[in-house]
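Let's take a walk through a ligand site and its metal ions. Please have the sequence and the 3D view open as you read.

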Amino acid sequence: DQFHLVYQPRFRAHDLAPVAAEALLRWNHPQLGAVSPAEFIPVFERTTLMDGVTAWVLEHAFSQLAQWRREGLSLTLSINLSARDVSRKGMADAFISALLCKGLSCSDVEIEITEGEWLRADSLPGEQLQQLAAAGVRVAIDDFGSGYSNFGYLTELPIHTIKLDKSMIDDLPTDRRAQLKVQAVISLAHGLGYNTVGEGAETPEQVALLQAYGCDEIQGFALSRPLSAADLAQQLEEAPYAQT
Ligand code: C2E
Ligand code: MG
Ligand code: MG
């Protein structure tokens with residue numbers, strides 16, 4: 001019982017209505033206290049422990065989403081998957097059955113994967129992403145622009161969403177070159193028919209610039225921190241216009 005999930009809402013840029021949420025894992029270790037997923041996921045990912053952690057996340061996130069659906073909330077839920085998860089044979093089948101078991105449909109969910117060398121269409125991960133996308137699961141590229149950015153896979157894989165990394169958003173108000181990069185990525189993504197999300201917006205200036213550049217959605221502490229499931233449901237109920 002040391003794990004739990006929190007949920008950070010994603011807002012439609014033009015009217016700041018909450019339209020989606022990202023499930024984020026939290027670990028309260030009895031001796032170490034709160035351990036950040038940025039620390040423990042990369043370690044788990046090198047071992048078979050990751051498989052159990054992901055199974056736990058899917059079970060809990062899908063149960064929560066099914067409960068929100070029963071309560072009439074219509075947001076999309078985003079789940080982070082590691083390279084190891086997508087490289088495991090049978091993963092796409094297991095993911096889809098876990099969803100259907102809860103009475104959910106594939107279009108209720110988006111998966112977030114980070115770009116990397118492993119992301120090629122002609123590989124097992126590429127095939128599983130195609131299988132998930134064919135079933136209706138949305139695929140997002142997380143942390144885009146933070147490291148290995150290869151435009152090759154952008155047109156080879158079934159991508160729906162590009163999440164612009166916080167490192168590009170941080171410098172937006174002050175750095176002309178960051179502004180050019182963000183505008184260029186948004187324009188490229190839209191040209192390819194993809195949805196864009198600006199990640200890690202912490203100030204009203206960053207939010208305003210992302211809106212001005214036509215970014216579709218914004219996620220960041222400026223709009224909301226990650227919340228408990230109950231707090232997120234309450235926030236959505238207070239913003240009923242978002243449910244359209
Ligand atoms: P991520 O998927 O890019 O998630 C966004 C991270 O940025 C989250 O950190 C979130 O709390 C943080 N964040 C959002 N807005 C802001 C902001 O305005 N300012 C700042 N400073 N931070 C912001 P978190 O929850 O610590 O997660 C870190 C990373 O751990 C995630 O990055 C993701 O790669 C990974 N992770 C989290 N949960 C899971 C999971 O269930 N499975 C897998 N495989 N990875 C996970
Ligand atoms: Mg993510
Ligand atoms: Mg990210």
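This is a predicted model: local features need pLDDT of at least 70, side-chain atom pairs count only at pLDDT 80 or more; totals for chains, interfaces and linings use all residues.

Residues are numbered from 1 along each chain as its sequence is written, chains are lettered from A and ligands numbered from 1 in the order in which they are written, and side-chain values use heavy atoms, with hydrogens and water left out.

**Ligand 1**

Around ligand 1 there are 24 residues, and R26, N80, D142, E202 and F221 are the closest; a residue is near a molecule if one of its heavy atoms lies within 4 Å of it. R26 places a polar side-chain atom 2.8 Å from an oxygen atom of ligand 1. On the E202 side, an N or O atom of the side chain is 2.6 Å from a nitrogen atom of the ligand. On its own, ligand 1 has 810 Å² of accessible area, and the protein covers 81% of it (Shrake-Rupley method, 1.4 Å probe). Strand β2 (18-29) gives the most to the shell, with four residues.

Donors are N, O and S atoms within 2.8 Å of the metal (3.2 Å for Na, K and Ca); water is not among the atoms, so sites may look incomplete.

| Ion | Protein donors | Distance |
|---|---|---|
| magnesium ion (ligand 2) | E22 (OE), N80 (OD1), E112 (OE), D142 (OD) | 2.0 to 2.2 Å |
| magnesium ion (ligand 3) | D142 (OD), D143 (OD), E199 (OE), E199 (OE) | 2.0 to 2.4 Å |

E22 sits in strand β2 and E112 in strand β5 (residues 109-114), so this pair ties together parts that are 90 residues apart in sequence.

What do the two sites share? D142 coordinates both ions, which are 4.2 Å apart. D142 is buried, at a relative accessible area of 6%, where buried means under 20%, exposed over 50% and partly exposed in between (1.4 Å probe, protein chains only). E22 is buried at 4%, E112 at 1% and E199 at 11%.

Technical notes: A polar contact is a pair of N or O atoms within 3.5 Å; within protein, one must be able to donate a hydrogen and the other to accept it, and residues adjacent in sequence count only if both atoms are side-chain atoms. Helices (H or I, at least four residues) and strands (E, at least two) are DSSP runs, numbered from the N terminus.
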